[in-house]
Amino acid sequence: MGTGARWRRHATVALSLAAGAAVWEVSALFTTRAFWAPLSETLQSLAEAARSGTLASQAASSLELYATGLALAMVVGAPLGLLMARMRRVRVALETYIMMLYATPMVALIPFILSMMGFGFAPKVLVVFLFSVFPVLYNTVEGARSIRPELIEVARAFRSSERQLWRDVLIPYTLPFAMTGIRQAIARGLVGMVAAEFFLSPSGLGQMIMLGSQNFDTAGLLAAILVIVVLGVALMDFGRWIEERFAPWKEYTR
Amino acid sequence: MSIQEVALGKAALRHAGRSRSALDSPVFLKLLAGLALLLVWEGVVRALAPAYVAKPTGIVKVLVRVTGDPQFLAAAGSTLSSVFAGLAVAVVLGTAVGLAMGRVAPVEQGLRYYVNSLFATPMIAILPLVTLWFGYNADARLAVVIFASFFSIAINVCDGARSVPVAYLEVARSFRARPWSTLFDIVLPSSLPYLIAGLRLASGRALVAAVVAEFFISIPGLGYFILFNSRTFKHNEAFVAVIALVIVGVSLEALLNWVTRRYLPWARRD
């Protein structure tokens, strides 16, 4: 791409962002504050929340929940999936059920979790965990399935030890799939986090959104949504980065 | 030697020295595992949980009554029609926007940041805003379903439209094809596998969106059915609705896989 084309590209992007900001600001003139707030007020509200420290404390509370649930999902999902690369019968027996749970909308379980575990940190972590563990497990098992039996037979024929088999065949073959799963889990876990903060005990960024909506503080509501949008974009980029970093030989698929 | 004989020979070699057992049959293994999972669930609930918690025997007992209940059927119909209507709107709008983004560079540069960031945003976050706009009714649910599914379709169709082989477009140009026929006869068909991939992602998201919206807005539907029954400690009844959601989720996935295999055999993943 030539310099001219690149400049034109940057200019278009800058123009589109400016246009978006202008539309956001101007559209507020034509609606009441109950529906929409201009960008300037939203940013003011955000600055106010940042100054008073609520933003930092709420974001920290959300991230603590998110990180705990996601870490548990990875610690449970990836090793279980890897184990199924080695134990073919266990994989064949369980893969249909894992696929079903992967396709299940986990939000549907929130009311059960609420009435069994009540309010607190643990039930919310469970929600984030349930949202994110099945993508990791499902994709890792897909990876396990992609290992052709011939590869293991050849490794055996060359008398490779159990450790070598894991290091040279099983892990390299399943890792890219596990990374795809972790990327999906990063996105789904965020949905789980907001859902848990909405429907279990209100906390964190979810609570900020709820409070904004209940108090008809549309600027505060939009500010909290904006924070979640930025968080979502950052996490998705991070997920894509780790997928490429740890499994560069696999083609990127959504 | 025919191919079949070679294949048979290979299988025979693999099994040489190992007696064939029932454990080699995938169906048997799956049934065994399913039974084991149900037994564990039943046992754990009986031993540790209060009586109201859902367990397989309890669910079986209420299954017939709940699935025959007009209220349950109405709830299922309401959720499903909202999901399908939302997906239909998202497919039409998402394909249009995706094609425009994929083929017209300024459109792509202008919309990319918005589409990508809203794709990355959990749609639950905008739920309170949507209820401010539409009120606490079924329109808000439909809006959330559309919002949840639109962006994954637009992004995938855009990727598809961008990866149309240049040779096809060059042939079209040498035959002086009109822009519309290039779009509908070349770009759209070759983006179809991407559209289906986007739709697969979108259908899962749409289902989650519908359930979450029903929790939040309290309008009749499977999500509200679950909420209502679990609040009154009828977990077995509530779980029937979860099973219905699993069936819908799995069948949508299976349907899209089947469509890909049947009509787009060149785009198979496996």
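How many residues does the contact take from chain A and from chain B? The legends below explore this predicted model, and the first of them holds the answer.

**View 1. The contact between chain A and chain B.** Here the two chains meet: the contact takes 42 residues from chain A and 48 residues from chain B. On the side of chain A that touches chain B, at least two residues each come from α1 (3-27), α4 (88-103), α5 (110-117), α8 (162-199), α9 (204-214) and α10 (218-246) of chain A. Of these, α4(A) gives the most, with eight residues. Sorted by class, this side of chain A has 31 nonpolar, eight polar and three charged residues.

**View 2. Helix α5 of chain A beside helix α10 of chain B**. Let's zoom in on one pair of helices. The axes of α5(A) and α10(B), the latter made of residues 222-231, are 9 Å apart and form an angle of about 15°. Angles under 35 degrees count as roughly parallel, and α5(A) and α10(B) are therefore roughly parallel to each other. The crossing of α5(A) with α10(B) is right-handed. On α5(A), the residues making the contact are A:P111, A:F112 and A:S115; on α10(B), they are B:I226, B:L227, B:S230 and B:R231. Grouped by class, the contact has four nonpolar, two polar and one charged residues. As you look at the helices, remember that an α-helix has 3.6 residues a turn, so residues three or four places apart point the same way.

View 3. Is B:L129 buried or exposed? It counts as buried because it has 21 C-beta neighbours inside 10 Å, and the cut-off for a buried residue is 20 or more. Leaving aside residues up to four places away in sequence, B:L129 touches A:L221 and A:I225.

**View 4. Helix α7 of chain A and the residue A:R159**. Now for a contrasting view. Helix α7 of chain A runs over residues 149-157 and is hardly covered: among its nine residues, the count of buried ones is zero. Just after α7(A) comes A:R159, with a positive phi of about 55°.

**View 5. The domains of each chain.** Chain A is divided into domain 1 (1-30) and domain 2 (41-246), whose C-alpha centres are separated by 33 Å. In chain B, the domain assignment gives domain 1 (23-53) and domain 2 (59-267), with C-alpha centres 32 Å apart.

Terms used. Residues numbered from 1 in each chain as written. Chains lettered and ligands numbered in written order. Predicted model: local features only at pLDDT ≥ 70, side-chain atom pairs only at ≥ 80, totals over all residues. Buried ≥ 20, exposed ≤ 12 C-beta atoms within 10 Å, placed from the backbone. Helix = DSSP H or I, 4+ residues; strand = E, 2+ residues; numbered from the N terminus. Domains from an automatic or database assignment. Contact = placed C-beta atoms within 7 Å. Nonpolar A, V, L, I, M, F, W, Y, C, P; charged D, E, K, R; others polar. Axes fitted to C-alpha atoms, helices over the stretch in contact; angles between N-to-C directions. Parallel < 35°, antiparallel > 145°, perpendicular 65-115°, else oblique. Left-handed = near helix turned anticlockwise from the far one by under 90°.
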